[in-house]
Amino acid sequence: MGSGEKVFVYEDLVKHKDRNDCWLLISGKVYNVTQFLEDHPGGDEVLLAASGKDATDDFEDVGHSDDAREQMQKYYIGEVDATTIPARRTYKAQTSTAATQQEEPGFLFKIIQFLVPLLILGFAFGLQFLGKKEKTET
């Protein structure tokens with residue numbers, strides 16, 4: 001980072017997330033994209049939704065071209081102090097107990113789906129057998 005570059009704290013970045021003042025944090029760099037909102041090919045809503053947070057994943061997931069990455073440089077205003085960025089929240093997968101409880105109704109449902117047609121079929125054959133037996137006795 002050069003000596004003339006501005007360093008922002010994350011709390012300052014969060015304040016700039018509306019149509020008249022929109023900053024993005026991408027890969028530790030801060031961009032003021034307010035003037036670009038109307039020209040963004042994906043629409044201004046995309047940029048506004050990504051403002052006020054670390055937008056690195058949002059930016060990378062879209063797969064921007066090299067030209068788009070070059071164009072970003074004219075909106076660059078500084079870096080963010082990495083120590084001020086809050087830790088990312090990670091979501092835990094469901095515990096095995098919850099997974100087991102979810103699987104049991106599915107397993108029971110599959111058995112019922114299999115057994116009910118068999119019972120109906122068996123009942124139909126039983127009626128047919130009894131009908132033939134009564135005809136032979138009369």
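Modeller: A residue is called buried under 20% relative accessible area, exposed over 50%, and partly exposed in between. The structure discussed here is a predicted model.

Biologist: Is S27 buried, exposed or partly exposed?
Modeller: S27 sits in the loop between β3 and β4. Its relative accessibility is 48%. Because that value lies between the cut-offs of 20% and 50%, S27 is partly exposed.

Biologist: What is the phi of S27?
Modeller: Most residues other than glycine have a negative phi. S27 is not a glycine, yet its phi is positive. The residue belongs to the turn of the hairpin formed by β3 and β4, which has two residues between the strands. The phi of S27 is about 55°.

Biologist: In what order do the strands lie in the sheet?
Modeller: The sheet is open, has five strands and shows mixed pairing. β1 (7-8) and β2 each have a single partner strand, so one side of each is left without a neighbour in the sheet. Those two strands therefore stand at the edges. The order is β1-β5-β4-β3-β2.

Biologist: Which residue of β3 stands opposite K17?
Modeller: β2 and β3 run antiparallel and are joined by two bridges. In β3, the residue facing K17 is C22.

Biologist: How many bridges join β3 to β4?
Modeller: β3 and β4 form a hairpin, and they run antiparallel. L24 stands opposite Y31 in β4. The number of bridges joining β3 to β4 is four.

Biologist: Which residue in β5 stands opposite V30?
Modeller: β4 pairs with β5 (residues 76-80) in the antiparallel sense, over three bridges. The residue of β5 opposite V30 is G78.

Biologist: How far apart are the C-alpha atoms of Y75 and W23?
Modeller: Y75 is in the loop between α4 and β5, and its relative accessibility of 14% counts as buried. Along the chain, Y75 and W23 are 52 residues apart. Their C-alpha atoms are separated by 9.2 Å.

Biologist: How many salt bridges does a search of the whole structure find?
Modeller: Side chains of opposite charge can pair when their charged atoms come close. One of the pairs is K53 with D58, at 2.9 Å from N to O. K53 is partly exposed at 34% relative accessible area, and D58 is partly exposed at 33%. For the whole structure the search finds a total of four.

Biologist: How many residues apart in sequence are the parts tied together by R19 and D44?
Modeller: R19 forms a salt bridge with D44, with the closest N and O atoms 2.1 Å apart. R19 lies in the loop between β2 (17-18) and β3, whereas D44 is in helix α2. The pair therefore ties together parts whose separation in sequence, in residues, is 25.

Biologist: With which residue does K15 form a salt bridge?
Modeller: K15 counts as exposed, at 61% relative accessibility. The closest N and O atoms of the pair are 3.8 Å apart, and the partner is D12.

Biologist: How far does the backbone oxygen of D12 lie from a polar atom of the side chain of H16?
Modeller: H16 is in the loop between α1 (10-14) and β2. At 16% relative accessibility, H16 counts as buried. From the backbone oxygen of D12 to that side-chain atom of H16 the distance is 3.5 Å.

Biologist: How much space lies in the largest pocket?
Modeller: The space in the largest pocket is a computed volume. The value is about 400 Å³.

Biologist: Which residues lining that pocket are the closest to its centre?
Modeller: The lining of the largest pocket has 20 residues. They divide into 16 nonpolar, three polar and one charged. The closest to the centre are F36, H40, L47, F59 and H64.

Biologist: Which element gives the most to the lining of the largest pocket?
Modeller: Elements that give two or more residues are β3 (21-26), α2 (44-50), α3 (56-62) and α4 (66-72). The element that gives the most contributes four residues, and that element is α2.

Conventions. Residues are numbered from 1 along each chain as its sequence is written. This is a predicted model: local features need pLDDT of at least 70, side-chain atom pairs count only at pLDDT 80 or more; totals for chains, interfaces and linings use all residues. Side-chain values use heavy atoms; hydrogens and water are left out. On a 1 Å grid over the protein atoms alone, a cavity is a set of points where a 1.4 Å probe fits but cannot get out, and a pocket is an open set with protein on both sides within 12 Å along at least five of seven lines; lining residues have an atom within 4 Å of a point. Grid points are joined across faces, edges and corners, and a volume is the space filled by probe spheres set on the points. Ala, Val, Leu, Ile, Met, Phe, Trp, Tyr, Cys and Pro count as nonpolar, Asp, Glu, Lys and Arg as charged, and the others, Gly among them, as polar. A salt bridge is a side-chain nitrogen of Lys or Arg within 4 Å of a carboxyl oxygen of Asp or Glu. Buried means under 20% relative accessible area, exposed over 50%, partly exposed in between (1.4 Å probe, protein chains only). Two strands pair if DSSP finds at least two bridges between them. A polar contact is a pair of N or O atoms within 3.5 Å; within protein, one must be able to donate a hydrogen and the other to accept it, and residues adjacent in sequence count only if both atoms are side-chain atoms.
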